[in-house]
Amino acid sequence: MIAILGATGAEDLRLIRSEAEKVLLENCGDAVYFRGLIEASNACACDCLYCGIRKSNRTVRRFTLDEEDIVACARLTHESRYGSLVIQSGERNDAKFIDLVARCVKRIIAETRCPELPEGLGITLSLGQLPYVSYKKLFDAGAHRFLLRIETTNPELFAALHPVEQTFQSRLDSLAALRDIGYQVGTGVMIGLPGQTLADLADDILFFERHDIDMIGMGPFIPHPDTPLGTAEVLPVADRVRLSLLMIAAVRLKLKDVNIASTTALQALDPVGREKGLKFGANVMMPQITPTEVRKDYQLYPGKPCLDENALECRSCLEARIALAGRKIGYNQWGDSRHALARGRGR
Ligand code: 5AD
């Protein structure tokens, strides 16, 4: 894996890419699944040293969508025939917010049932670390997948990226809680972090395997100027993009049947980064559904694309991009990973 991650020659890159694509097509088919992405709130109790919406960043205008806005985003997802959505937010465990999300989950499922989707939209949550009871409440409301990145599996590097009260162990405990409750579990890492080695990234892949992870979301680290890591030294953009693509390929080659997202951060560094991600073995995309007015307030890193587009523009743009990558869109399907289905975790 280290050799794959360190590849630079054109011929090596071509071989790795085509092998990863082959493994993807054999194990997952050619469908790309869409998850409409709703950024429900940028309020956050955490202070991760890399993140643009960390609580110490006073330049951010904080927002929380209300129930009607969130349900309207879900309706748009459904009308776009995406089959699934992700509700993402900063980390906050106030009862008011958890209750809001639980109510939305129930309403979204009830209001999007149709002949093509008898159980309504598939719902993934990405709300950070919460107590077991909150995870359980949201699962009981009907959410069935949860994304919580480990960020890096090197504990020293993790400690360098987070305040002391945010521990590596508690992140592991949260991932274990999600699995115990019955969620399909997604995790992932940032790629090209200051001080991160290729061996660290290879270890990350082994971690995904050991923890029987169903879904992976990874993207290049992009320094945000309003954070302590804003001036950190990082690999040049082209190298970070290449490493991110090789990481997708290495995960696909090793884990075969998991879902892998081609993330927006890749597109922030390369206008066709997400299409390249698909060609290197990814099979999930997350089109923006967040209302355009608040998109600019949810910038984890600078250069986030599609800030001025509306959801319909994002839809037609993505459809064209998938066709260019020679793939088809898995409309009106939940698109659970084959890995989860094989273990009886899908529906
Ligand atoms: N660059 C790249 N990714 C980032 N994230 C947060 N800040 C950055 C950044 N500066 C990622 C983290 C987090 C996810 C929601 O966004 O991996 O888990």
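A: A polar backbone atom of Tyr 50 is 3.0 Å from a nitrogen atom of the ligand, a polar contact being a pair of N or O atoms within 3.5 Å. The model is predicted, so local features need pLDDT of at least 70 and side-chain atom pairs pLDDT 80 or more, while totals for chains, interfaces and linings use all residues. Residues are numbered from 1 along each chain as its sequence is written, and side-chain values use heavy atoms, without hydrogens or water.

Residues around the ligand, with a heavy atom within 4 Å of it, include Cys 51, Met 190, Phe 221 and Tyr 301.

Helix H3 spans residues 67-79; helices are DSSP runs of H or I with at least four residues, strands runs of E with at least two. Its buried residues (under 20% relative accessible area, 1.4 Å probe, protein chains only) are Glu 67, Ile 70, Val 71, Cys 73, Ala 74, Thr 77 and His 78. Seen down the axis, they fall within an arc of 155 degrees, so they line one face of H3; the arc uses directions from the axis to the C-beta atoms. Their cover includes strand E2 (36-41), strand E3 (84-89) and helix H4 (95-112), contact meaning heavy atoms within 4.5 Å. Just after H3, Arg 81 takes a positive phi of about 65 degrees.

Conventions. The expected span of a helix is 1.5 Å times one less than its number of residues. Buried means under 20% relative accessible area, exposed over 50%, partly exposed in between (1.4 Å probe, protein chains only). A polar contact is a pair of N or O atoms within 3.5 Å; within protein, one must be able to donate a hydrogen and the other to accept it, and residues adjacent in sequence count only if both atoms are side-chain atoms.
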